Amino acid sequence: MENKIPLVVKEKAQELIEMYGDRVEYKGRYEEQDVYAFCFPPAMEVGFPHLFLYKSSDDTVEKLLGPAALKILHVIIEK
């Protein structure tokens with residue numbers, strides 16, 4: 001099943017999309033939010049992930065970087 005990426009998520013990731021193309025992917029659920037990640041081209045995969053936590057109940061997005069983003073991805077992968 002393909003997960004349609006909400007417009008507010010794409011708007012929040014717009015700067016990255018303009019630089020590297022539309023590379024936002026759904027990763028799973030975390031604490032009642034949909035988690036999306038910007039997937040850099042293979043040559044650029046260094047550093048912490050760029051996550052976007054989407055809360056559909058109020059149509060908001062939180063951008064998350066650093067160790068907290070890595071922790072959330074780890075939790076999703078372990079499920």
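Select Asp34 first. In this predicted model, Asp34 sits in strand S2, which spans residues 33-38. Check its surface: the relative accessible area is 13%, so Asp34 counts as buried, the cut-off being under 20%.

Now show the side chains. That of Asp34 makes a polar contact of 2.9 Å with the side chain of Arg29. Neighbours within four places in sequence aside, Asp34 is in contact with Tyr26, Gly28, Arg29, Phe52, Leu53 and Tyr54.

Next, select residues 67-78. This is helix H3, with 12 residues. From first C-alpha to last, H3 reaches 17 Å, close to the 16 Å expected at 1.5 Å a residue. Colour Ala69, Ile72, Leu73 and Ile76, which are buried. Then look down the axis of H3. The buried residues fall within an arc of 100°, so they line one face of the helix. On the other side of H3, find Pro67 and Glu78, both exposed.

What do the buried residues of H3 pack against? Four strands: S1 (24-30), S2, S3 (50-55) and S4 (60-64). S2 is the strand that holds Asp34.

Last stop: Asp58. Find it in the loop between S3 and S4. Asp58 has a relative accessible area of 44%, so it is partly exposed. Show its side chain and that of Thr60: a polar contact of 2.7 Å joins the two. Finally, select the C-alpha atoms of Asp58 and Phe38. They are 20 residues apart along the chain and separated by 22 Å.

Technical notes
Residues are numbered from 1 along each chain as its sequence is written. This is a predicted model: local features need pLDDT of at least 70, side-chain atom pairs count only at pLDDT 80 or more; totals for chains, interfaces and linings use all residues. Side-chain values use heavy atoms; hydrogens and water are left out. Helices (H or I, at least four residues) and strands (E, at least two) are DSSP runs, numbered from the N terminus. Buried means under 20% relative accessible area, exposed over 50%, partly exposed in between (1.4 Å probe, protein chains only). A polar contact is a pair of N or O atoms within 3.5 Å; within protein, one must be able to donate a hydrogen and the other to accept it, and residues adjacent in sequence count only if both atoms are side-chain atoms. Contact means heavy atoms within 4.5 Å. The expected span of a helix is 1.5 Å times one less than its number of residues. The arc is that of the directions from the helix axis to the C-beta atoms.
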